[in-house]
Amino acid sequence: MVVSLFARGGAACVFGALALVGRAPAAAQDARAEQARLAEDSRLHPADYEAAYRYVVASVELRDYEAAIGALERLLAFNPRLARAQKELGLLYARLGAGETAAMHLRAALEGGALGPAQRAQIEALLPQILKETEPSRWSARLQAGVRSQSNASFFPNNGLFVAGGLGLVAPLQRRADFNAFELADIANDSDLDTPGEAHLETRFKGYATQQFHLASYNVGVFGLSVGPRFALDPAAAPGASVKPYVTGMTSYVGSSNYLNSGGAGVSVAAPLGEDVIVEPGVEYRYLSVASAGLFPSAAALGTGSAVTASLNGLWAPRENIRLETRAAFTRANAVRLPQSFDQVEGQALLRFDFESPLARFERKWSLAPFGRVFHAFYDAADPALDPARARRDTGWAAGLLVEAPLTRWVAVSAAFEYARYDSNLPNFRTDNLSVWFGPVARF
């Protein structure tokens with residue numbers, strides 16, 4: 001059931017976007033007719049700045065950036081002091097990746113002094129990022145700390161039942177709620193490589209750690225690093241298409257002990273499909289080293305061995321303030337212990353909306369992002385220590401909402417909630433958990 005749902009729904013997030021693009025020709029034809037009408041108005045009334053701006057807006061909506069740039073350049077030829085034209089021209093050049101030219105026009109718009117506070121704030125927020133893109137080595141970071149609550153921090157089964165050797169047991173302990181402090185770091189660097197064509201080295205670090213208020217044995221820490229070059233495939237024939245081979249590693253702890261270490265390599269290919277859609281298929285191999293202890297080591301979801309994952313990431317951005325991010329993946333894990341070997345399929349999606357702040361004093365856009373995940377795992381063999389007659393089958397889903405409110409260029413406040421439910425043919429793994437978290441965010 002879940003597999004068919006995933007096949008029809010999880011991956012369809014990308015291809016449903018393509019279907020929307022495929023239904024657009026009639027609307028695009030009307031928009032081009034409107035663009036042509038506005039072009040004629042601008043030609044007959046060259047001093048009518050508002051008509052020219054309407055033509056620019058229509059051209060941008062059609063992704064006809066060259067036409068929009070040409071119209072703005074003509075306006076500036078008549079009147080070089082038009083701050084609004086300088087601003088729009090700078091934003092267009094930034095969109096096309098011409099950072100130095102974009103910065104020149106945006107600075108001219110600021111120096112003109114004719115822009116309103118909101119327009120000046122927009123330029124002042126974008127200009128540092130545009131200038132950063134022109135540097136040979138570009139760093140960015142997102143750091144967050146905060147407090148999280150969990151309704152089932154101990155991840156115990158909902159009904160308190162376990163099976164061992166095929167017999168049902170009542171757990172001596174029950175599920176417990178708890179709060180924890182958490183820290184999250186996402187740091188990236190892109191460094192241009194001195195090679196023919198367009199190429200740069202991508203380095204990504206992600207770290208997450210928690211400190212439980214009462215259940216210290218459930219403290220967790222996960223730290224991962226990946227490094228690899230990204231090469232443009234053919235900038236002339238396939239603009240935006242690239243390939244990235246990389247190496248990756250990860251370590252983690254639970255309580256005060258090391259739990260999982262992994263290392264491996266992978267390759268992904270980014271391929272734009274039109275103006276709005278990017279798909280990125282990839283494959284990755286990892287060796288896993290898992291510390292399993294206790295009477296039932298196979299109760300852990302992972303075991304020492306290896307895993308190969310084939311994935312398809314998708315991005316659909318029909319507008320500047322809307323982004324749909326999706327991921328579909330299949331994983332084959334071969335563990336040393338056969339009962340921990342499994343196949344897993346999963347789908348994820350996040351839809352982000354950016355909107356004007358409801359508070360007048362904050363001029364940067366806020367964001368709202370509902371998200372969800374579904375997976376199904378099939379284990380290869382039954383574990384006699386748990387149930388000699390049934391191989392484990394797990395199904396899970398999670399859904400939530402993320403809200404982020406920038407306060408300044410550097411600082412934001414973020415809050416989210418998530419409900420996750422896991423079902424299984426073994427009662428040991430039937431659980432759910434409601435999480436709510438909140439904290440400040442720093443961006444660099």
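Helices (at least four residues) and strands (at least two) are DSSP runs, numbered from the N terminus. With that in hand, welcome to a tour of this predicted model.

Figure 1. The predicted chain holds 444 residues, and 38% of them count as buried. Take the contacts between residues at least 6 apart in sequence: 56% of these join residues at least 24 apart.

**Figure 2. Helix 5 covers residues 65-78.** Here we look at one helix by itself. From its first C-alpha to its last, this helix of 14 residues reaches 20 Å, close to the 20 Å expected at 1.5 Å a residue. Which residues of helix 5 are buried? They are Tyr65, Ala67, Ala68, Ile69, Ala71, Leu72, Leu75 and Leu76.

**Figure 3. Helix 7 and helix 8 pack with their axes 10 Å apart.** Two packed helices are described by the angle between their axes and the distance between the axes. In this pair, helix 7 spans residues 99-112 and helix 8 spans residues 117-132, and the angle is about 155°. An angle over 145 degrees counts as roughly antiparallel, so helix 7 and helix 8 are roughly antiparallel to each other. Their crossing is left-handed.

**Figure 4. A closer look shows the residues that meet between helix 7 and helix 8.** Helix 7 brings Gly99, Ala102, Ala103, Leu106, Arg107, Ala109 and Leu110 to the contact, while helix 8 brings Arg120, Ile123, Glu124, Leu127, Ile130 and Leu131. How do the residues of this contact divide into nonpolar, polar and charged? Nine are nonpolar, one is polar and three are charged.

**Figure 5. Phenylalanine 155 has a positive phi.** Most residues other than glycine have a negative phi. Phenylalanine 155, a residue other than glycine, has a phi near 55°. You can find phenylalanine 155 in the loop between strand 1 (137-150) and strand 2 (161-164). Is phenylalanine 155 buried, exposed or partly exposed? Its relative accessibility is 44%, so phenylalanine 155 counts as partly exposed.

**Figure 6. Asparagine 428 sits in a loop between two strands.** The loop runs between strand 15 (411-424) and strand 16 (431-443). Asparagine 428 has 11% relative accessibility and therefore counts as buried, since buried means under 20%. What does asparagine 428 contact, leaving aside its neighbours within four places in sequence? Its contacts are Pro157, Leu161, Phe162, Val163 and Leu386.

Definitions and conventions
Residues numbered from 1 in each chain as written. Predicted model: local features only at pLDDT ≥ 70, side-chain atom pairs only at ≥ 80, totals over all residues. Heavy atoms only, no water. Expected span 1.5 Å × (residues − 1). Buried < 20%, exposed > 50% of the residue type's maximum accessible area, 1.4 Å probe, protein only. Axes fitted to C-alpha atoms, helices over the stretch in contact; angles between N-to-C directions. Parallel < 35°, antiparallel > 145°, perpendicular 65-115°, else oblique. Left-handed = near helix turned anticlockwise from the far one by under 90°. Contact = heavy atoms within 4.5 Å. Nonpolar A, V, L, I, M, F, W, Y, C, P; charged D, E, K, R; others polar.
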